[in-house]
Amino acid sequence: MKIAIGNDHAAYELKHHILKYLQDKGHEVINFGVDTGERTDYPCRAEDVAKAVTSGQAERGIVICGTGVGISIAANKVHGIRCACVSEPVSARLCRAHNDCNMIAFGARIVGPQLAEAIVDAFLETEHEGGRHAERVKLIMKLEQEQTTH
């Protein structure tokens, strides 16, 4: 799978860990994140990853900041993105199965490397269930569409 990943300065070490983990599993990873602790603005990294996902350059996106909250909010401002901030694998699985999320976010100050691996696995290995959940995703996307037409 082709995955876009991005991070801010608070998460560069965890991003490196996850990037290598994904590559070792055979995924192609596009790195939009920073590689040092030098300050950067997480909304810019979220936008880069989100646009890669919406353009089809990547199938899914992963963004990481200190808590995961700010970067997920920023990613969700990009039309077509459904990004969930998660801190454990169950939510990562359910955001795919029920909400057809195309991105996840988590915090380097919240989860450690092994938990981050489990979160990423749950997100990438889960398919959208469709059915009643597909109808709800359509309603979510309708809300987004209404906002862009007003």
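What follows is a set of questions and answers about this predicted model.

Q: What makes up the protein, in helices and strands?
A: There are six helices and five strands. Along the sequence they come in the pattern β-α-β-α-β-α-β-α-β-α-α.

Q: How do you know whether the protein agrees with a compact globule?
A: You set its radius of gyration against the rule. For 150 residues, a compact globule would come out near 15 Å, and the protein has 14 Å, so the two agree. As for the box around its C-alpha atoms, that is roughly 40 × 30 × 25 Å along the principal axes.

Q: In what order do the strands of the sheet sit, and is the pairing parallel or antiparallel?
A: The order is β2-β1-β3-β5-β4, in an open sheet with parallel pairing.

Q: Why do β2 and β4 count as standing at the edges?
A: Each of them, β2 (28-31) and β4 (83-85), has a single partner strand, so one side of each has no neighbour in the sheet. On average, neighbouring strands of this sheet are turned by 20° against each other, ignoring direction.

Q: How do you know that β4 and β5 pair?
A: Two strands pair if there are at least two bridges between them. β4 and β5 (residues 103-107) have three bridges, in the parallel sense, so they pass that test. In one of these bridges, Cys83 is partnered by Met103 of β5.

Q: Which strands does α1 lie across, and which does α2?
A: Helix α1 (residues 12-24) lies across β1 (2-7), β2, β3 (60-65) and β5, at about 170° to β1. Helix α2 (residues 42-55) lies across β1, β3 and β5, and runs at about 170° to β3.

Q: Why is α1 called oblique to α5?
A: The two pack at an angle of about 50°, with axes 10 Å apart. Roughly parallel needs an angle under 35 degrees and roughly perpendicular starts at 65, so this pair falls under oblique. The crossing is right-handed.

Q: What makes the contact between α1 and α5?
A: From α1 come Leu14, His17, Ile18, Tyr21 and Leu22, and from α5 come Pro113, Ala116, Glu117, Val120, Asp121 and Leu124. By class, that is eight nonpolar, one polar and two charged residues.

Q: Which residues of α4 and α5 meet?
A: Pro89, Ala92, Arg93, Cys95 and Arg96 in α4 meet Leu115, Ala118, Ile119, Ala122 and Phe123 in α5. The contact has eight nonpolar, no polar and two charged residues.

Conventions
Residues are numbered from 1 along each chain as its sequence is written. This is a predicted model: local features need pLDDT of at least 70, side-chain atom pairs count only at pLDDT 80 or more; totals for chains, interfaces and linings use all residues. Side-chain values use heavy atoms; hydrogens and water are left out. Helices (H or I, at least four residues) and strands (E, at least two) are DSSP runs, numbered from the N terminus. Axes are lines fitted to C-alpha atoms, for helices over the stretch in contact, and angles run from 0 to 180 degrees between N-to-C directions. Contact means heavy atoms within 4.5 Å. Angles under 35 degrees count as roughly parallel, over 145 as roughly antiparallel, 65 to 115 as roughly perpendicular and the rest as oblique. A crossing is left-handed if the near helix is turned anticlockwise from the far one by less than a right angle, and right-handed if clockwise. Ala, Val, Leu, Ile, Met, Phe, Trp, Tyr, Cys and Pro count as nonpolar, Asp, Glu, Lys and Arg as charged, and the others, Gly among them, as polar. The radius of gyration is taken over C-alpha atoms; the globule rule is 2.2 Å times the number of residues to the power 0.38.
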